[in-house]
Amino acid sequence: MTRDIAFILDGRIGKKDLRALAEWASIRLENRNRLFELAFCDSGKISDNALWCITHLKNSDAVWLQSLQDFFIDTLLKENTTARRRMLFQILRDQEYHADCIRVDFLDYCMSNINSECESYAIRCFSLYIAIKICRHYPELLAELKERIGLLSHEPLSPGMRCAVRKVSDEIRALSV
């Protein structure tokens with residue numbers, strides 16, 4: 001990328017640009033760090049576009065993203081914008097959650113979103129997918145997640161939410177065997 005990355009991110013970017021920026025970031029650690037810096041700068045458009053690019057990084061960048069997990073969680077817990085929350089959830093969904101370092105504040109946040117009709121279906125789905133990753137280590141947490149899923153049967157759900165409920169329910173059944 002010959003032009004400054006901030007200049008590119010300040011404009012409208014399409015899928016082709018998005019893939020090119022993610023590819024650029026994956027080449028070198030300093031590129032990823034620059035993208036990360038811009039994702040949390042004060043300029044709304046640059047920040048949003050940079051965060052969107054981070055959601056498209058390659059699987060080979062998973063270790064780098066995982067190392068920033070606590071930062072992403074802290075940011076998500078304070079974020080008010082639905083679009084940014086959705087992107088942060090998307091990053092966090094692909095990460096690992098180990099039994100020895102569960103963030104209770106994050107688990108509570110995810111669990112409360114699952115049944116919140118005020119939340120978008122995307123946020124609720126991401127909350128479900130992350131909650132199962134965290135709860136899988138503890139039978140009592142799986143039971144609580146199962147109860148929350150049971151409450152969803154009393155409300156109309158989008159096709160995507162029904163799919164998430166089905167997948168997570170299947171995973172709970174598999175873990176309970």
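**Buried residues, a cavity and a pocket**

User: Why does E155 count as buried in this predicted model?

Analyst: E155 has a relative accessibility of 16%. Buried means under 20%. The value falls under that cut-off, so E155 counts as buried.

User: Where does E155 lie, and which residues is E155 in contact with beyond its neighbours in sequence?

Analyst: E155 lies in the loop between α10 (139-152) and α11 (159-176). Leaving aside neighbours within four places in sequence, its contacts are E117 and R124.

User: What makes those two residues contacts of E155?

Analyst: Contact means heavy atoms within 4.5 Å. E117 and R124 both meet that rule with E155.

User: Why is Q69 called buried?

Analyst: Its relative accessible area is 11%. The limit for buried is under 20%. Q69 falls under that limit, so the word applies. Q69 is found in helix α6, residues 69-78.

User: How do you know that the side chains of Q69 and Q95 make a polar contact?

Analyst: The distance between them is 3.1 Å. A polar contact needs a pair of N or O atoms within 3.5 Å, one able to donate a hydrogen and the other to accept it. The Q69 and Q95 pair is counted as one, at 3.1 Å.

User: What else does Q69 touch besides Q95?

Analyst: Q69 also touches L92, E96 and Y97, with residues up to four places away in sequence not counted.

User: Which residues line the largest cavity?

Analyst: The lining holds Q69, Y97, H98, C101, I102, R103, F106 and I134. The space inside is about 50 Å³.

User: How many cavities reach 30 Å³ or more?

Analyst: The count is one.

User: What volume does the largest pocket have, and which residues lie nearest its centre?

Analyst: Its volume is about 230 Å³. Of the 13 lining residues, N59, A62, L65, I91 and D94 lie nearest the centre. By class, the lining has five nonpolar, five polar and three charged residues.

User: Which helices each supply at least two residues of the pocket lining, and which gives the most?

Analyst: α5 (62-67) and α7 (82-93) each supply at least two. α5 gives the most, with three residues.

How values were computed: Residues are numbered from 1 along each chain as its sequence is written. This is a predicted model: local features need pLDDT of at least 70, side-chain atom pairs count only at pLDDT 80 or more; totals for chains, interfaces and linings use all residues. Side-chain values use heavy atoms; hydrogens and water are left out. Helices (H or I, at least four residues) and strands (E, at least two) are DSSP runs, numbered from the N terminus. Buried means under 20% relative accessible area, exposed over 50%, partly exposed in between (1.4 Å probe, protein chains only). On a 1 Å grid over the protein atoms alone, a cavity is a set of points where a 1.4 Å probe fits but cannot get out, and a pocket is an open set with protein on both sides within 12 Å along at least five of seven lines; lining residues have an atom within 4 Å of a point. Grid points are joined across faces, edges and corners, and a volume is the space filled by probe spheres set on the points. Ala, Val, Leu, Ile, Met, Phe, Trp, Tyr, Cys and Pro count as nonpolar, Asp, Glu, Lys and Arg as charged, and the others, Gly among them, as polar.
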